[in-house]
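Thanks for sending this one over.

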Amino acid sequence: MAKIGIIGAMNSEVVNFCKELGAEKTKIEGIYKAEAFGHEVYISESGIGKVNAAISAQRLVDIFEVEYLINSGVAGCLTKELSTCDAVIAKELTYHDFNPLDILDRNPPYTSRFKADEKLVKIAENACEELISGGEKFKYITGNIVSGDCFINDGAKAKQLREDFGAFCTEMEGAAIAHVATVNKIPFAVIRTASDFADENADISFEEVEKIAAKRASFIVSKMLESI
Ligand code: ADE
């Protein structure tokens, strides 16, 4: 039995967990509790952006004493190797809007890159493989993710993020959750699915694809719960 915290920024990113796992309200607004596969699962709708995500992650640690943190949600895809609704499993995360980034290397937490837990990464990869062999049609990549407090809808900026950070997708919370998990010495994973390509069509694509992409991410994370 483990205590597992799952964070999604928006309602679309947590609603499937709450429904499928029959989650109930806790004393903290926006945090729900469920039991699944012998685990206590705390599901938090954090709100968008790094600060909201960090508040949510630290609350899960301090109030509910979670032993794992998993971030599930959508992202702007930075590679044409993937299509919308395909998945990126984070290997390492960093910020694209923290300048200069090496301030974090020279000051607490003495790192600017947050490495996901290898065991959770393997579990996420296995979950994707199982879903694919069960008939779900999608691709996944394990690689870097960059986060920042901006919705990227500019193809040139997307290309720059891909090149500068070797990132496969960009979003607005993952690195903050990874940062909190690292400081608290808690294993974490970030699973994102492509809602758009962070280019000039991103707003329309996001609008159209968000819910279905978020559902795919929550499927993968739900499957992971069976193996933690
Ligand atoms: N989340 C989903 N799409 C995104 C984008 N294009 N930029 C930042 N966060 C996102």
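**Notes on the ligand site and backbone**

1. The ligand sits in the largest pocket. Please keep in mind throughout that this is a predicted model. The volume of the largest pocket comes out at about 230 Å³.

2. Who lines the pocket? There are 19 lining residues, and those lying nearest the centre are Val74, Phe151, Glu171, Met172 and Phe206. Two or more lining residues come from each of the elements β5 (68-77), β9 (167-171) and β10 (188-196). By class, the lining of the largest pocket splits into 11 nonpolar, 3 polar and 5 charged residues.

3. Now for the ligand's own shell. It is made of 13 residues, with Gly76, Phe151, Ile152, Ser195 and Asp196 coming nearest. The shell around the ligand divides into 8 nonpolar, 3 polar and 2 charged residues.

4. Which elements build that shell? At least two residues each are supplied by β5, β9 and β10. The biggest share is that of β5, which gives 3 residues to the shell around the ligand.

5. A polar side-chain atom of Asp196 is 2.6 Å from a nitrogen atom of the ligand. From the backbone, an N or O atom of Ile152 lies 2.8 Å from a ligand nitrogen, and a backbone N or O atom of Gly76 lies 3.2 Å from a nitrogen atom of the ligand.

6. The peptide bond from Asn99 to Pro100 is cis, with omega near -15°. Pro100 belongs to the loop between β6 (87-95) and α3 (103-106).

7. A cis peptide bond also joins Pro108 and Pro109, where omega is about 10°. Pro109 is in the loop between α3 and β7 (114-115). Which non-glycine residue has a positive phi? Glu65 does, with a value of about 50°. Glu65 is placed in the loop between α2 (50-62) and β5, and β5 is the strand that gives the most residues to the shell around the ligand.

Note on methods. Residues numbered from 1 in each chain as written. Predicted model: local features only at pLDDT ≥ 70, side-chain atom pairs only at ≥ 80, totals over all residues. Heavy atoms only, no water. 1 Å grid on protein atoms, 1.4 Å probe; cavity = no way out; pocket = protein on both sides within 12 Å on 5 of 7 lines; lining within 4 Å. Points joined across faces, edges and corners; volume = space filled by probe spheres on them. Helix = DSSP H or I, 4+ residues; strand = E, 2+ residues; numbered from the N terminus. Nonpolar A, V, L, I, M, F, W, Y, C, P; charged D, E, K, R; others polar. Near = heavy atom within 4 Å. Polar contact = N/O pair within 3.5 Å; in protein donor to acceptor, adjacent residues only side chain to side chain. Sits in = over half its atoms within 2 Å of the grid points.
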